[in-house]
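Dear colleague,

Please find below the structure that I am handing over to you.

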Amino acid sequence: MSKPEMIAVHCLSDHLKLWVMGADGSLVAQRAGDSPASGDHAALQQAILRLLDGEIAQGQNLSVICCGHELGGAASVPCGIGAWEDAPYLPANQPGLSGITYLPGIVQQRPAARLSGEETAIAGFLIQNEKFDGVALCLTPAQSSWVHISASEAVSFRNFVTPQLSAALSPPTNAKAEADDIADDSDFLGAVEQAMTRPAAIAAEIGSIRAEMQLSGLPADRAQARLNGLLIGIELAAARPYWLGQQVAVIGDGPWTGLYSGALSAQGLQPRQVSSSAMTLAGMARAHMAKERGKTA
């Protein structure tokens, strides 16, 4: 097993993702756990050590690269993707850790929007697709973000809370429909089209889903497919200026990635689908390399 060299941490809204990387770029360990208090440097260090549970050998002094944390601050659009030269660095006071580099997010004042970690995934994607001009659709458990990319810069973006709306409005049942089963389903795609053509009726259509479950025995998986289709449909209608006639890269993990890709394909697009975790890790690995070069310059 490769000797650990760097720890990469992604602070999401409801949990942490952590990767321990070797000197040769290999993955030594991967963990997930609860998020610490926001904005707290000491709490993040303690959360990292809890997740590693003694896996850091005595005498090691590993650097940490972190995205999605408040201490990274944020640049304002338009701005370069992967501009890490001025990323804040704070020394660690825990054994095994040398310090944490907090990668900055991106903010937009009008309309108000924020990227907290998604920008690092986009940076990882651009490492592999340097000439990409188009839209990156970044998916997290909390939100979706449509980011217009041109010449490796974030030009503008919008946040949507569709995943949260789905969780709040889902049918009152334990049954869940897998995205792979409904991304090309007629109920799902029909609801997408219905919402895009008649967005004003969206609240009534969602109300009808629950009524049909009670009155007509609409199965829970069909109800979930229609709900997700309606919610993604109104989002596509609102985000049309971002995706219409553009290259679109869907950057995400989990079921929503397939749902958005299926909905976009139905509009005649050919979206690229890539893993958010893989792209985020690639971005943080590049940030680590940049920081190490800066130390020796």
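**The sheet and its hairpin**

Strands β1 and β2 form a hairpin, with four residues between them. This is a predicted model, in which local features need pLDDT of at least 70 and side-chain atom pairs count only at pLDDT 80 or more, while totals for chains, interfaces and linings use all residues. Residues are numbered from 1 along each chain as its sequence is written, and side-chain values use heavy atoms, with hydrogens and water left out. Helices (H or I, at least four residues) and strands (E, at least two) are DSSP runs, numbered from the N terminus.

β1 covers residues 4-11, and β2 covers residues 16-22. The two pair in the antiparallel sense over seven bridges; two strands pair if DSSP finds at least two bridges between them. Within this pairing, V9 has L18 of β2 as its bridge partner, and P4 stands opposite G22 in β2. β1 also pairs with β4 (residues 62-67), here in the parallel sense and over five bridges. M6 has S63 in β4 as its bridge partner.

β1 is mostly covered, since seven of its eight residues are buried. Buried means under 20% relative accessible area, exposed means over 50%, and partly exposed lies in between (1.4 Å probe, protein chains only).

These strands belong to an open sheet of six, in the order β3-β2-β1-β4-β8-β7, with mixed pairing. β3 (27-33) and β7 (89-91) stand at the edges with a single partner strand each, so one side of each has no neighbour in the sheet. On average, neighbouring strands of this sheet are turned by 20° against each other, direction ignored. Axes are lines fitted to C-alpha atoms, for helices over the stretch in contact, and angles run from 0 to 180 degrees between N-to-C directions.

Helix α1 (residues 41-52) lies across β1, β2, β3, β4, β7 and β8 (97-102), and α1 runs at about 120° to β8.

**Helices that pack together**

Helix α7 (residues 220-238) packs with helix α9 (residues 255-266) at an angle of about 60°, and their axes are 11 Å apart. That makes α7 oblique to α9. Angles under 35 degrees count as roughly parallel, over 145 as roughly antiparallel, 65 to 115 as roughly perpendicular, and the rest as oblique. The contact (heavy atoms within 4.5 Å) is made by N228, I232, E235 and L236 of α7 and by W256, L259, Y260, A263 and L264 of α9. By class, the contact of α7 with α9 has seven nonpolar residues, one polar and one charged. Ala, Val, Leu, Ile, Met, Phe, Trp, Tyr, Cys and Pro count as nonpolar, Asp, Glu, Lys and Arg as charged, and the others, Gly among them, as polar.

Helix α3 (residues 162-169) also packs with α7, at an angle of about 150° and with their axes 10 Å apart. α3 and α7 are therefore roughly antiparallel to each other. In this contact, T162, L165, S166 and L169 in α3 meet Q224, L227, N228, L231, I232 and E235 in α7. The residues of the contact of α3 with α7 divide into five nonpolar, four polar and one charged.

**Two buried residues**

S261 is placed in helix α9. It counts as buried because its relative accessibility is 7%. Leaving aside its neighbours within four places in sequence, S261 is in contact with V250, P271 and Q273.

G252 is placed in the loop between β14 (248-251) and α9. Its relative accessibility is 5%, so G252 counts as buried. With neighbours within four places in sequence left aside, G252 is in contact with L139, T257, V274, S275 and S276.

Most residues other than glycine have a negative phi, and most peptide bonds are trans. A cis peptide bond joins V77 and P78, with omega about -5°; P78 lies in the loop between β5 (74-76) and β6 (79-80). A cis peptide bond also joins R110 and P111, with omega about -10°.

A151 has a positive phi, near 55°, and is found in the loop between β12 (144-150) and β13 (153-160). At 61% relative accessibility, A151 counts as exposed. S152 lies in the loop between β12 and β13, with a positive phi near 60°. At 30% relative accessibility, S152 counts as partly exposed.
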